[in-house]
Structure formats: structure tokens, C-alpha cells
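Q: I have just opened this structure and would like to go through it with you. Could we start with the terms?

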Protein chains: 4
Amino acid sequence: MQNSRQRRPERADREVFMHQGRHFLQIPGPSPVPDRVLRAMDMPVIDHRSAEFGELGRTVLEGSQKIFQTAGPVVIFPSSGTGAWEAAIVNTLSPGDRVLMVETGHFATLWRQMAGRFGIEVDFVPGDWRRGADPTVIEAKLAEDKARAIKAVMVVHNETSTGATSRIADIRAAIDRTSHPALLMVDTISSLGSVDYRHDEWKVDVSVSCSQKGFMLPPGLGFNAISQKARAASKTNKMPRSYFDWEEMLKPNAKGFFPYTPATNLLYGLREAIAMLLEEGLDNVFARHQRLAAATRAAVNHWGLEVLCQEPAEFSPVLTAVLMPPGHDADQFRQIVLENYNMSLGSGLSKVAGKVFRIGHLGECNALTLLGALTGVEMGLSVAGVPHRSGGVDVAMKLLEQRPQGNASPHLKMVGT
Amino acid sequence: MQNSRQRRPERADREVFMHQGRHFLQIPGPSPVPDRVLRAMDMPVIDHRSAEFGELGRTVLEGSQKIFQTAGPVVIFPSSGTGAWEAAIVNTLSPGDRVLMVETGHFATLWRQMAGRFGIEVDFVPGDWRRGADPTVIEAKLAEDKARAIKAVMVVHNETSTGATSRIADIRAAIDRTSHPALLMVDTISSLGSVDYRHDEWKVDVSVSCSQKGFMLPPGLGFNAISQKARAASKTNKMPRSYFDWEEMLKPNAKGFFPYTPATNLLYGLREAIAMLLEEGLDNVFARHQRLAAATRAAVNHWGLEVLCQEPAEFSPVLTAVLMPPGHDADQFRQIVLENYNMSLGSGLSKVAGKVFRIGHLGECNALTLLGALTGVEMGLSVAGVPHRSGGVDVAMKLLEQRPQGNASPHLKMVGT
Amino acid sequence: MQNSRQRRPERADREVFMHQGRHFLQIPGPSPVPDRVLRAMDMPVIDHRSAEFGELGRTVLEGSQKIFQTAGPVVIFPSSGTGAWEAAIVNTLSPGDRVLMVETGHFATLWRQMAGRFGIEVDFVPGDWRRGADPTVIEAKLAEDKARAIKAVMVVHNETSTGATSRIADIRAAIDRTSHPALLMVDTISSLGSVDYRHDEWKVDVSVSCSQKGFMLPPGLGFNAISQKARAASKTNKMPRSYFDWEEMLKPNAKGFFPYTPATNLLYGLREAIAMLLEEGLDNVFARHQRLAAATRAAVNHWGLEVLCQEPAEFSPVLTAVLMPPGHDADQFRQIVLENYNMSLGSGLSKVAGKVFRIGHLGECNALTLLGALTGVEMGLSVAGVPHRSGGVDVAMKLLEQRPQGNASPHLKMVGT
Amino acid sequence: MQNSRQRRPERADREVFMHQGRHFLQIPGPSPVPDRVLRAMDMPVIDHRSAEFGELGRTVLEGSQKIFQTAGPVVIFPSSGTGAWEAAIVNTLSPGDRVLMVETGHFATLWRQMAGRFGIEVDFVPGDWRRGADPTVIEAKLAEDKARAIKAVMVVHNETSTGATSRIADIRAAIDRTSHPALLMVDTISSLGSVDYRHDEWKVDVSVSCSQKGFMLPPGLGFNAISQKARAASKTNKMPRSYFDWEEMLKPNAKGFFPYTPATNLLYGLREAIAMLLEEGLDNVFARHQRLAAATRAAVNHWGLEVLCQEPAEFSPVLTAVLMPPGHDADQFRQIVLENYNMSLGSGLSKVAGKVFRIGHLGECNALTLLGALTGVEMGLSVAGVPHRSGGVDVAMKLLEQRPQGNASPHLKMVGT
């Protein structure tokens with residue numbers, strides 16, 4: 001006998017519900033684009049060789065440096081984040097090179113596959129998808145590598161598929177302890193602009209990112225922040241490349257221009273988005289994400305569900321992946337939530353498909369939006385017949401009720417202004 | 001000693017919070033404008049004497065009839081709803097005329113003052129602002145009026161200041177029982193497009209409305225739906241008028257044009273908004289408002305606060321006005337909510353200033369948006385130190401968890417398509 | 001035999017042409033709305049009782065003063081310009097009052113009709129629609145009025161139906177010579193923000209305007225700039241009014257608020273439009289309109305057509321009305337231009353219907369846009385078989401080729417910043 | 001002695017002029033984005049794994065096929081057109097492969113350089129940048145290649161740097177005459193959606209394109225239309241690739257999805273742009289470009305200037321490159337036009353830098369816009385002191401005066417609907 005709570009209504013009826021009011025886009029990216037950013041993009045395109053464009057170009061390139069917390073160059077490609085992954089590889093490595101990567105989840109696995117396609121030999125540290133990259137393992141691997149054959153350590157900062165944030169500062173320290181010369185390349189695709197990230201201070205060589213997460217833009221831009229060491233590597237590596245070649249970018253970038261037609265309207269949006277991040281202050285942005293994430297986990301715990309990430313020091317400020325109890329399908333649950341409450345949640349990917357759903361709480365998100373989203377999850381659990389303890393939203397409210405003290409670090413204050 | 005929970009942070013800190021993420025506009029109008037409507041308005045203005053304009057004009061005039069549920073003419077002024085109030089008066093009444101009005105709240109009082117300015121003698125039935133207009137009182141007043149001196153009964157359908165919705169069908173029946181020839185003029189400013197309202201079936205003579213509530217548009221348009229009897233009255237009444245004159249409107253309206261430059265871009269938005277209302281179906285729109293209102297009242301009751309409206313049959317589907325406990329200032333509470341949660345609530349007006357706050361749940365609103373708003377109220381009560389029982393949001397969630405059966409009345413189905 | 005040049009193609013074919021590329025809106029208002037202004041309007045509506053709104057309100061009220069060149073109050077109604085006409089009348093005059101008006105064209109005639117509807121006795125100086133109001137006639141009329149019965153002189157600054165701009169400074173001087181106490185009320189609907197206009201310096205008592213001409217906004221806002229003398233008159237006059245009552249406006253305006261829901265999104269646009277006018281500099285704006293108008297007249301003269309306005313000192317900087325040769329219908333010509341070149345020209349109104357067409361060159365207009373429009377007129381004359389001498393565009397190009405010297409008056413510079 | 005006509009005014013004065021009114025963007029791409037397209041993009045981003053997205057994806061993929069006139073697959077990358085060049089190379093060729101390319105101009109040279117970076121051996125037929133690729137030379141080259149070592153013939157359809165359009169149908173025929181198995185790969189970056197182009201009929205193997213020309217979108221999308229033969233080649237070629245790999249794209253594309261986050265908002269715009277092209281009808285779009293181009297050349301010829309392209313059968317419908325007389329700098333001329341008339345013209349690139357300027361007349365362009373642009377060129381020539389004969393605009397007007405007969409080819413009608 002079918003549970004009546006799970007009955008799916010006729011299509012026409014569902015459609016009406018699905019489109020009532022504002023959609024809650026609570027996937028871990030693309031994140032909702034603020035009206036200011038959308039409207040900034042909604043302007044006539046200009047001549048990409050004009051002085052006016054040069055000013056735009058310089059503004060977004062310099063602004064991006066502030067977000068990466070770097071004094072070095074940042075390049076911006078018309079591409080997705082996947083393209084920026086490729087740029088990191090093809091500019092620094094040569095076919096046959098050996099690298100160390102860590103299986104933090106789906107996206108680390110995809111990046112590894114990409115490296116393989118370019119003939120890179122990957123030492124892939126296996127993982128259970130429930131924690132970040134382990135600095136001690138990386139240290140051990142590098143220490144073993146007496147021949148210094150490993151050319152790069154490649155880590156995902158915030159693993160979007162699992163909600164675990166690797167501790168890059170600790171990984172840096174681990175590498176330093178071995179005095180290994182490997183490059184450190186970090187995927188900051190879903191962390192940049194949401195989670196504290198310091199390209200220069202942590203001596204990262206290539207930071208990879210994109211537009212549609214912390215930058216609160218539509219998808220379409222890929223970023224690389226580049227250290228001097230990485231740039232030096234790019235001058236001698238042997239990987240054929242053209243579109244993603246750094247040097248081709250860096251020359252015209254010096255005056256705010258690009259070697260081929262850039263995605264002008266996305267750059268309009270980027271200018272506005274960077275302005276918004278700096279107006280709020282990076283430290284406030286990071287603190288906000290931490291609060292929203294803590295409230296989300298508190299609700300999940302109260303419901304009696306399990307957060308996928310098992311390492312408290314690595315809980316993601318950007319998203320929370322939640323394990324469904326055995327016998328309950330996460331995608332069916334997500335469909336019920338979509339049809340009943342007009343909210344999109346993130347799906348479980350590959351290994352955890354059907355087993356987890358993901359709640360995004362990044363970018364243009366605040367307490368009431370998150371709490372609205374959590375009511376949708378709690379009601380959805382009920383309608384889907386998933387065993388849980390009600391009251392999760394109440395617990396989250398308690399945590400979000402008080403505004404935190406403004407204890408921004410002086411470090412960030414300086415960078416942010 | 002000041003309660004630390006009520007401490008207001010320094011301005012810069014507050015500003016950051018006030019602008020984080022999406023603003024929740026939960027006042028009882030202007031209601032949030034859907035993206036589709038805003039974008040429809042964001043188009044080049046056209047020649048208001050062109051064939052293209054005529055098509056636009058006819059579309060919005062016919063569409064408006066569907067929303068008023070009338071086969072008779074609707075006129076649209078570039079004005080606020082206040083202007084549409086004035087249009088109702090100056091087109092039907094003469095200086096010295098006597099009318100019957102009911103003090104349902106602030107807006108009924110303002111309309112009465114306006115009538116006074118035009119030399120109308122108003123028999124103003126006093127009220128306590130906690131219920132709608134009483135049909136029996138109206139019946140009695142008309143029955144007494146043997147001389148048939150009362151030219152019009154003027155009632156506010158949904159009193160935006162109190163959250164009480166007068167029962168227009170019952171008032172119509174009351175009038176009919178007296179066989180009194182008075183016109184029935186109804187302010188539907190905050191009800192039209194949100195609460196079931198039937199201009200023709202209820203034999204209303206003038207229905208007054210505006211753009212920024214159920215129509216989900218920015219402010220700037222005023223509407224009159226006009227019965228044959230009202231139009232006949234307009235041919236003989238003696239009130240000087242020009243801008244708001246119906247006849248001047250109705251002639252060019254027949255072909256979709258206007259006697260003076262219309263607010264073209266708002267009409268673009270109106271076309272889109274009417275399309276959205278009819279896509280959802282008026283019956284579904286009304287049912288949605290009823291559900292959201294019921295959930296709101298359930299939360300308020302659970303908190304131990306009092307809903308201003310005391311007559312269950314007259315609870316507003318559009319807004320809920322909530323009484324603050326003695327000793328607690330509603331505006332201070334609203335300020336705390338604004339600063340901490342980036343949400344606007346409606347203030348108490350005139351007689352109830354500082355004593356009530358109002359939660360709007362109209363127009364572009366759905367379950368998650370409302371529940372997010374209610375979390376803001378519940379947290380705000382806590383931060384403001386207002387005694388209350390927590391768990392109101394939970395109660396609201398219970399009511400909104402299930403999607404209702406699609407039991408739209410056949411009546412509405414026909415009108416809506 | 002039908003002239004094949006005038007053959008109208010089948011509808012489908014015409015439609016394709018009519019919609020190719022960007023429409024040229026060359027009517028004398030609504031004028032094209034700049035992208036910056038449209039995008040400023042395309043933002044969420046805010047609480048009209050919030051501090052944020054108050055700041056918006058103060059900004060647009062103060063900004064409007066700069067455009068009217070007045071230190072006194074400006075009120076802004078959600079209305080068309082027609083509503084602002086009514087506001088001028090109902091706030092200053094009483095039924096039975098006598099006023100002096102001048103038949104400059106269609107709009108002066110409409111304003112006169114409106115005055116009549118409010119019981120005003122109008123001394124309407126007849127005109128031939130080919131020039132502005134004659135200061136000497138006004139002087140003579142006032143000099144005759146020994147009893148000082150005339151309460152107001154009401155003049156249209158730029159008559160949109162004819163393209164003649166009355167010389168308000170001269171009219172002011174004429175009134176002053178008679179020491180007559182009549183109010184001076186001026187319709188600046190199609191001149192403000194395009195033609196030099198000085199409310200204070202010219203001692204105008206009520207200046208009437210709207211949003212959709214020099215302000216480059218969509219229609220929907222009406223303006224009154226008010227002298228102390230006009231305001232004093234408003235305290236004693238005897239005209240019933242409510243919506244358009246100045247005192248009701250002026251009280252909340254002091255803090256940036258409005259007595260009823262204002263047209264918020266149009267005010268967003270107004271803020272942006274005023275910023276644009278002041279960025280360009282009012283003096284530059286006025287000079288630009290003069291240049292474009294001179295170029296247009298040069299083309300018309302070259303074509304051998306006649307400019308409707310016969311008084312060079314009164315040629316309008318905003319529009320040029322052109323007489324069609326006998327036997328040629330202006331509306332048929334306009335239709336050909338619309339279908340072939342996707343351009344809207346203004347029609348002849350009432351007395352000159354079918355006899356003139358009007359070229360708007362106001363607001364968001366520059367040399368290339370105007371020249372593109374003039375090519376459409378010249379080609380249209382040819383296709384319509386209207387006798388003319390080709391080369392009009394060349395003549396206009398000669399005039400627009402050189403950029404004028406920046407000889408802005410110090411007066412304007414001060415006002416503009 | 002400096003020519004006073006060339007005096008550049010002070011910066012502030014220039015800035016005012018540069019920003020008056022609407023900018024004329026007359027570069028050969030990015031082309032002006034229609035309001036409909038910009039507004040379609042200005043909508044909230046959606047979940048790229050949702051059913052709603054799948055529908056969007058299928059719509060744009062199928063729509064793109066209609067524009068390429070192919071029944072085979074089209075892939076869409078988040079990239080510029082340069083990225084789509086790279087995709088064509090890396091999916092079909094292997095390091096060491098030999099290809100035949102033709103130096104039609106700057107972009108052909110860049111594509112050749114790119115091929116070199118991937119280890120392709122390019123037989124680059126030299127050219128004088130004044131005509132398209134010569135089919136007879138291609139035929140001869142292939143006939144010579146007895147060993148069938150040439151893997152691909154790679155040609156630019158419309159060379160954006162010169163305004164010469166190679167005759168792809170003739171090139172196809174030339175190849176066929178040799179029975180050579182080389183792939184035919186064509187850059188349609190600035191032709192697609194503006195110039196008749198038939199991927200299937202002309203048996204092109206890879207057609208490369210982008211968003212910012214005939215598609216009238218902002219930059220940010222790259223396209224490949226792919227023949228079965230090309231796809232077969234992609235299964236065996238030996239070039240490392242990942243981001244631009246076709247197979248990765250084609251699998252999820254079958255259901256409207258993408259292997260990594262697509263540029264959602266650009267896809268919204270693409271859906272609208274394709275709809276606009278099909279509403280007008282591809283045949284009408286092509287005819288419109290031909291007319292505008294012919295009018296432009298007529299003006300240039302009348303001025304006594306030289307069109308860069310010397311082969312009438314290859315005049316570009318998309319842009320016209322104009323040679324400056326000796327002693328006159330094209331970039332100085334362009335700067336004068338920008339400052340005086342707020343119009344951007346295209347610069348000469350590399351070999352012809354400073355020697356030519358380019359007039360774009362593609363995408364959202366119609367007769368009046370083009371004529372306005374031509375007045376800017378003619379006036380600019382005068383202000384810059386470039387010897388020329390006036391009257392070029394008149395000549396263009398004559399050509400654009402009459403609307404052409406609707407003689408669309410049946411072929412296109414079928415494809416277009």
C-alpha cells in the first residue's frame with residue numbers, strides 16, 4: 001500500500017505549486033545571483049578594445065586579487081571552473097609528470113580524471129568522502145618521495161560533493177616540513193569568497209576558481225591565481241595549450257585587456273559582485289557563512305540525520321551534505337521538496353547518489369533565507385515519511401537569533417578595503 | 001539597566017547586517033514584484049498612439065476585467081490607489097450628498113476624510129478597528145433612511161491597517177433586503193487579486209484598486225471597475241473633475257488607448273502580472289493566500305500574542321496585524337527585526353501606532369518565504385525581550401506541510417481562463 | 001492608378017521590417033528611456049515608510065529643484081502631466097475665477113478645457129498654432145484688467161503639438177510692467193530638462209511638468225514647482241481637492257515621504273535621470289537640444305518643407321513640427337516611415353491632424369540618432385512620393401559636424417552642481 | 001602647424017560628448033545585444049541538473065542546429081570563439097598532422113598559430129588580406145597531395161579583420177573535385193546567423209562559431225557543429241584534451257544537460273536570440289545584412305575611399321573594412337569619431353593596424369542605425385581632415401529607401417521554421 005503522504009499529485013497541480021512565489025535555490029552553486037549583479041550585467045556590451053573596457057578590465061583583475069588575498073596575478077577565462085582546472089594543469093605540468101591528489105569526493109575525482117587525460121601520473125590518495133585531505137598523509141607521501149618526482153600537490157579546498165573543507169594552511173605546513181619543492185595547486189571553486197582563503201599567506205601556487213559560487217555570478221568565468229613559482233613552471237613545462245595559456249593572458253591583462261574577446265557582461269557583474277563582497281567586508285562574509293553552516297548542522301543533528309562530513313574541523317561553511325536514513329531515497333526526497341515547496345536542493349553525486357542531499361548556504365544567503373530553506377527540508381522529511389525528530393528549525397533559530405560581535409581579524413580588514 | 005538583548009549595535013555593523021542577502025519585504029503592500037514583472041517593465045517605452053500600444057491597452061483592460069470578475073468596464077489611472085478612491089467619489093457623488101461609511105480602520109478613515117473634502121456628508125459608523133463592516137448595521141442604517149437620502153455605501157473590503165476583511169457578499173445581501181438604491185462602492189486596494197472578489201456577482205457599483213498589492217506591481221496605477229448604475233450616476237452628478245473623469249477614459253479605452261499619456265511601462269508589467277495570476281488560476285491564488293494567512297495566525301496564537309482582528313470570519317488572507325503586549329513598542333520591535341534579519345514588517349497606523357505590527361503575506365509569497373519571515377518574527381520577539389512561547393514556526397510548518405487538494409470552484413475556473 | 005512606391009506590402013512582410021533592429025522613437029515624448037534609468041527602475045520595491053525610502057525621497061525632491069532651477073518646493077504626484085495640470089488649478093484657483101490663457105496649440109486648448117471643467121472662466125487668447133504666446137498681448141490684457149480680476153496667467157512653455165516655445169522671461173517682464181498680481185502658471189511638460197527654464201529667476205508661481213520628456217523616464221510622474229505666492233493662494237482658494245492637494249504632500253515631503261504610496265520604482269528612475277542630467281550639466285543638455293533642433297530645421301528647410309512654427313525666436317529645441325504639402329497626408333507618411341524604417345514620428349493633433357508630422361529630438365538623443373532619424377524622414381518622403389529636394393540630411397550633418405565650444409553660462413554651472 | 005579641425009578638446013568636455021545619448025557600437029562584434037536578449041539573461045539562475053534546465057538545454061541545442069543548417073550535433077562551450085577554434089583542433093587532429101590553411105587575414109593567422117601550438121604542421125597559403133580563400137589554390141594543393149597527408153582544410157568563412165567572405169560552397173566543390181578525404185573545418189565566428197551558411201549542404205565537418213556576432217549575445221559561448229566524419233576522427237585522434245572534448249559534451253547533451261556547469265544565463269539569452277532569428281526568418285536576416293553591406297560600400301566608394309576587400313563576390317555582409325588614404329591614421333580617425341559622435345568603429349589589426357577602420361553592420365542593425373553610423377563616418381572624415389567626396393550617406397539612402405521584395409528561398413523557409 002502506497003503511503004499517501006508520498007502521493008505525487010497530477011502534473012498540472014504540481015506545476016502550479018512549483019512555480020508559486022520565489023524559488024529557493026539552495027544548491028551548492030550556482031548560487032543565487034543578487035539583483036545588483038544581474039542588473040549590472042544587463043547593460044549594452046562595449047568595445048573590448050576601448051579605453052572604457054580597459055578600465056573595467058583593470059578593476060576586475062585588481063578586485064579579484066583582493067578576493068584571492070594575493071598580490072600576484074589572477075587570470076580570468078571565459079569558461080566554467082572546469083576550464084580553470086585545465087588551465088592549472090596545462091600551464092604547469094608536462095605529460096608523464098607525477099602529482100599527488102587526494103580523493104576528497106566527486107570533484108577531486110573528476111580533477112584527477114582530467115589530469116589523467118593530459119598524461120599526468122596521479123598518486124591518488126583514497127578517501128571515504130567524509131573528510132578533507134589529510135595533511136599527515138600528504139606529508140608522508142612527500143617525505144617518501146626522495147627523488148622529488150612529485151611535481152604538484154593538488155587539493156580541493158571545499159569539496160562540493162561532500163561538504164568537507166580541507167585545511168590548506170595545515171597542508172601548506174605539512175609540505176613545508178618536508179621541504180618538498182612540489183607546487184601546491186588548490187581548487188577553491190566553491191570556497192572562494194565564502195570561506196577564508198589566503199593564496200599568498202598559504203603559499204599556494206595555483207588557486208582555481210569560478211564565478212558561480214562565492215562570487216554570486218552566473219556561471220561562465222574561470223579563475224587562476226598564480227604564484228611566481230607556478231609562472232616559472234609554466235615557462236618550461238611541455239603541455240600543448242592555447243586557449244588557457246597564462247602568458248597570452250598576462251600580457252594584455254597588464255592594461256586591462258584580454259587576448260581574445262572576453263565575456264564582457266559577466267565582467268560587469270564581477271565588478272559589482274566584488275564591490276558587494278568588499279562593502280560587506282570579507283571577514284563579515286566568512287563569518288556569515290560560518291554562522292549559517294553551524295545553524296544548518298544543528299538542525300540536521302536535531303532531526304537525527306547525519307552530516308556526511310565527519311571531521312568537525314572540516315565542516316564546510318558553504319554547504320552541508322546530509323545522509324538519508326537507509327531505505328529512503330535522497331532524490332525522491334528532493335523531488336518532493338521541489339514540488340511542494342519550490343526549493344532546489346543539491347543531489348548526491350556518483351558514489352553517494354541517492355544517499356545524500358546537499359543544502360547550499362553560500363553567497364547571497366542570509367538568516368531568513370536559510371531558515372526558510374530549513375523549514376522546507378523539515379516539512380519535506382515529514383511528507384516523504386523520513387523518520388526524524390521535529391524541531392530542527394527551532395534549534396537553528398536559536399543559533400541565528402543573536403548577531404555575532406564584530407570581531408573581524410585585522411588581517412582581513414586590511415585586505416578588504 | 002538596559003536589557004543587553006536590546007542593545008543596538010553601532011551603525012556600520014548594523015548596516016552590514018541590514019544588507020546581507022535578500023531583503024524580506026513582508027509589509028502588506030507594496031508587495032514584492034516578481035522578476036517576470038520587473039523585467040517586463042524594463043523595456044523601451046513605445047508610442048502611446050501606435051497600433052502596438054492599442055494592443056497592449058486592450059490586453060490589460062480585458063485582463064483587468066477577469067481579475068475584478070466583471071464583464072463591465074475597468075478604468076486604469078496613472079495614480080496611486082488614493083487617486084482611484086477620488087475617482088470613485090468625484091464620478092458618482094455631488095457636494096452635499098450623504099453616504100454611509102464604516103470605520104473599519106485607518107484607510108476607511110482616510111477615505112472618509114477624502115469624501116469630506118469633496119463636501120460629502122458622511123454617516124461614519126464607528127468601529128473598534130478589530131473587525132470588518134457589520135452588514136446588520138448597514139442594513140439598519142439603510143432601513144432607517146426612508147427618504148433614500150443615502151447615495152452610497154462605501155466600504156473597505158480588506159482593511160490594510162487591521163487585517164479584517166469585510167464580507168461584501170453579506171453587505172450586498174443586507175442592502176438588497178432594504179431595497180435601498182444606494183450605490184455600493186468598495187475599496188479592494190489590498191484584496192484584489194489575493195482574496196476572492198466578485199464585482200458583478202456582488203453587484204458592486206464601483207470597485208477601487210491599485211497596482212502594488214495583489215497585482216504584484218510597483219505602485220503607480222489606480223483602478224475603478226464600474227457598474228452600469230455607477231456610470232449612469234456619473235452622467236448626472238455635480239462634482240468638478242477632469243483627470244479622474246470616467247467618460248474621458250472610456251471613450252479611447254474602447255480601442256485600447258488613453259486620453260492622456262498612460263504609464264506605459266507599468267502597463268507592460270500589468271500585462272505580465274495578469275498573465276501570472278491567470279496561469280496560477282485565481283482560485284489557486286486565493287487558496288494560497290488563505291493557507292499562508294492561517295499559518296501566520298497559528299504562529300501568532302502559539303506565541304501567545306493576539307491577532308488584532310477578532311472576527312474569525314473576517315481574518316484577512318492578505319495580512320495579519322499582531323498586538324504587542326503592553327509595555328512593548330511595536331516599532332522598536334520592527335526596527336530590531338529590520339536590523340537583525342533584513343526584513344520589513346508593517347507598522348501600526350494612527351490609532352494603533354506602536355501597538356501593532358503587521359505581517360504581509362500577499363502577492364509573490366509562498367510557504368518557504370512566509371516561514372522564513374515567521375522565523376524572523378519569532379527570533380525578533382526573543383531579541384526584543386517580548387514575552388512569548390517559542391514554537392510558533394513549528395505550528396505554521398504543520399499547516400503548510402501538506403499541499404491542499406485542488407478543489408477550485410467551477411465559478412473561478414471559468415472566470416480565470 | 002496607384003503609385004507603386006506607395007504600395008503597402010502584405011502584413012507578414014511588413015511586420016518583419018517593422019521589427020528589425022532598434023526602433024527609433026522620435027515622437028516628442030515619451031522620449032527614449034536610457035538603459036541606466038530603466039535598469040535603476042528594475043529593482044525590488046522597498047517599504048515606503050522606511051529610512052531607506054526617506055533618503056530616496058529627499059534625493060529626488062532636492063534633485064528636482066535643481067532641474068526646475070528653484071529653491072522652493074517641488075511636489076511629485078503619481079500621475080501623468082495632465083494630473084499635474086489639475087494640481088496647479090485646484091490648489092490655486094476657485095470656481096468662478098478668471099484666468100488668462102493663450103491658444104498656442106492643442107495642449108493649451110486641453111488645459112483650457114480642464115480649467116473650464118473646474119468652473120474657471122478662461123479668457124482664451126486665440127492663436128494660429130504657429131507661434132508661442134505673445135507677451136505684448138498678455139501685457140495688454142493685464143493692463144486692461146483694472147479690477148485685477150484675472151487670477152492667473154497660464155501659458156504652455158513648449159507647445160508639444162506645434163513646436164513653438166513661448167518666451168517665459170519676456171512674458172514675466174510683460175506682467176511685471178503691468179504690476180498685475182496674477183499668478184504665472186507655466187506648463188513645462190515638454191520643456192523641462194531640455195530647454196533652459198528658470199522657475200525662480202522668472203518668478204513663475206506654478207511650473208507643471210512630467211516624467212516622460214526631458215526627465216527621460218517612462219510616464220507616470222507629475223510635478224509642480226510652487227512659489228510662496230502660489231502656496232499662499234492655496235491656503236485660501238476654494239476648490240475641492242484631495243489627491244492633488246499640495247499641503248498634504250508638503251508635510252511628509254519634508255522628510256522625504258509621501259502622504260500615500262508613491263510610485264517607488266519611477267522614483268528610482270528619477271534619481272538616476274537627475275544624476276545623468278547633472279553629470280552632463282544642464283547647460284550642456286540645453287545646448288545639445290538647440291543643436292539638434294537647428295539641424296532638424298535645416299534639413300526640413302532644405303527639403304522645401306515648412307516648419308509649422310513661424311517665429312524663429314520660438315523654434316522648439318524639443319521637437320519640430322513639419323507641414324505636409326497640400327494633397328499629402330501626414331499620417332500616411334508616418335505609416336510608411338514606420339513600416340519601412342521602424343521609426344515612430346509624432347502625429348498632427350486635432351486642428352493639424354493629417355497636416356503635420358512631428359520629429360522629436362529630446363532627452364536621450366544625440367547627433368547620430370537624430371541623423372539616423374532624418375535619413376528615415378528623407379527616405380520616407382521619397383517612398384511616399386512627397387515632393388522634396390534631397391540633401392536635407394547633408395545639411396544637417398554640416399551643422400552637427402563640429403562640436404560647439406564649451407561656453408556654458410556660469411549661472412547654469414552653479415545650479416547644475 | 002596643427003589642423004584646428006583635429007584639435008582634441010579638454011578631457012571633461014570630451015567626456016560629456018562621448019556619453020551623450022545612445023552609443024553606436026559599430027564594430028564587427030561583439031554586436032549590439034537586443035533588449036529582448038539582455039532581459040532574457042537578466043533572470044535568476046536555475047539548477048543546472050533540474051528538469052527545467054534540461055528543457056532549456058534541448059531548446060538551445062536544437063535551435064542552434066537550425067542556425068547552422070545542420071541535422072547533426074552542435075556543442076556549446078562556455079568559452080569565447082577562440083575556445084571553439086581549439087575544440088575543432090583538439091578533437092580531430094593529432095600532433096604532427098598536416099593541414100591546409102589560407103591566410104585570409106588576422107584571424108586566419110591566429111588560428112594557424114593555435115594549430116602550431118598543438119603541433120600541427122600547417123601549409124599556410126599566403127594571402128594579401130584583400131580577398132577570401134581561393135578555391136582553385138585549395139584544389140591544386142589537395143591534388144598535389146597524392147599521399148593524402150593533409151588531414152584538414154581549415155578556412156575562415158568571414159574574415160573579421162578584412163571584410164572578405166570566403167566562398168565555402170566553392171571550396172567544397174574544389175575539394176570534391178580532388179576526392180581528397182581531408183576534413184573541412186570552417187570558422188563561422190562572424191558569419192553565422194548573418195550570412196547564409198549551410199553546414200550540411202556544404203558538407204562541412206566542423207563549423208566553429210561564437211555568441212557575440214550573428215547570435216547577438218554577449219561574448220561567452222563557443223560552438224562547434226560536427227559532421228559524422230569529424231566525430232569519427234575524434235574517436236581516433238591523439239590530442240590530449242578534456243574541457244573541449246566533444247564526447248563528454250555529447251553524452252549529457254542528448255537530454256539537454258552538460259558535463260560541467262554551463263553558462264546558464266547566456267543560454268537564456270541564446271534561446272531568445274534564436275527565437276528572434278527564426279521570427280525574422282533566416283532568409284530575411286541574410287538579405288538584410290546584404291542590403292546594409294551594399295549601402296555601406298556604396299557610401300565608401302562615393303567618399304572616394306577604398307574598400308579593403310577587392311573581390312566583389314567576397315564582399316562581407318557583416319562588416320566593411322575601409323582603407324585610409326596615405327598619411328592619415330585610422331586610429332586617430334576612430335578616436336575623433338568616438339569623441340565627437342559617441343560611436344565605436346573597429347580598428348585595423350596587425351598588418352593593417354592604423355591603415356584601415358572597420359564598420360560593423362551585423363546582428364541587431366537596421367537601415368536607420370546604419371545610416372546614422374554612416375553620417376558619423378562622413379562627419380568624422382571631415383573633422384579629421386581626410387580628403388573625401390561628401391554625399392556618401394545620400395548614396396546609401398538611395399539603396400536603402402526601398403524595401404526589397406520578399407524573395408526568400410524555399411530552402412531557407414523550411415529550415416527557418
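A: Helices (H or I, at least four residues) and strands (E, at least two) are DSSP runs, numbered from the N terminus. The model is a predicted one, in which local features need pLDDT of at least 70 and side-chain atom pairs count only at pLDDT 80 or more, while totals for chains, interfaces and linings use all residues. Residues are numbered from 1 along each chain as its sequence is written, and chains are lettered from A and ligands numbered from 1 in the order in which they are written.

Q: Which residue does UniProt list for "modified residue: N6-(pyridoxal phosphate)lysine"?
A: UniProt lists Lys213(A) for that feature, in an unreviewed entry. UniProt positions are given here in the numbering of this model, feature names are shortened, and annotations may be inferred rather than shown by experiment.

Q: And where does Lys213(A) lie?
A: Lys213(A) is in the loop between strand S9 (206-210) and strand S10 (221-226) of chain A.

Q: Is Lys213(A) buried or exposed?
A: Lys213(A) is buried, because 30 other C-beta atoms lie within 10 Å. A residue is called buried if 20 or more other C-beta atoms lie within 10 Å of its own, exposed if 12 or fewer, and partly exposed in between, with C-beta atoms placed from the backbone.

Q: What is Lys213(A) in contact with?
A: Leaving aside neighbours within four places in sequence, Lys213(A) is in contact with Gly29(A), Ser31(A), Ile189(A), Ser190(A), Ser194(A), Leu362(A) and Gly363(A). Two residues are in contact if their C-beta atoms, placed from the backbone, lie within 7 Å.

Q: What does UniProt say about Arg358(A)?
A: An unreviewed UniProt entry places the feature "binding site" at Arg358(A). Arg358(A) belongs to strand S14 (residues 356-360) of chain A. Arg358(A) is buried, because 26 other C-beta atoms lie within 10 Å. Not counting residues up to four places away in sequence, Arg358(A) touches several residues, including Pro28(A), Gly163(A), Thr320(A) and Leu345(A).

Q: Moving on, which sheet holds S14 in chain A?
A: S14 of chain A is part of an open sheet of 5 strands in the order S1-S13-S14-S12-S11, with mixed pairing. Strand S1 (24-26) and strand S11 (306-307) of chain A are at the edges with a single partner strand each, so one side of each has no neighbour in the sheet. Two strands pair if DSSP finds at least two bridges between them.

Q: How do S11(A) and S12(A) pair?
A: S11(A) and S12(A) pair in the antiparallel sense, over 2 bridges. Val307(A) has Val322(A) in S12(A) as its bridge partner.

Q: What does H11(A) lie across?
A: H11(A) lies across S11, S12 and S14 of chain A and runs at about 10° to S12(A). Axes are lines fitted to C-alpha atoms, for helices over the stretch in contact, and angles run from 0 to 180 degrees between N-to-C directions.

Q: Now the domains: what does the assignment give for chain A?
A: Chain A has domain 1 (4-30 + 281-401) and domain 2 (35-278). Such bounds come from an automatic or database domain assignment. The centres of the two domains of chain A, taken over C-alpha atoms, are separated by 28 Å.

Q: Turning to chain B, why is strand S9 largely enclosed?
A: In strand S9 (residues 206-210) of chain B, 5 of the 5 residues are buried, so the strand is largely enclosed by the rest of the structure. Val206(B), Val208(B) and Cys210(B) point one way from S9(B), and Ser207(B) and Ser209(B) point the other way.

Q: Which strands pair with S9(B)?
A: Strand S8 (residues 183-187) of chain B pairs with S9(B) in the parallel sense over 3 bridges. Strand S10 (residues 221-226) of chain B pairs with S9(B) in the antiparallel sense over 5 bridges. In these pairings, Asp187(B) has Val208(B) as its bridge partner, and Ser209(B) stands opposite Phe223(B).
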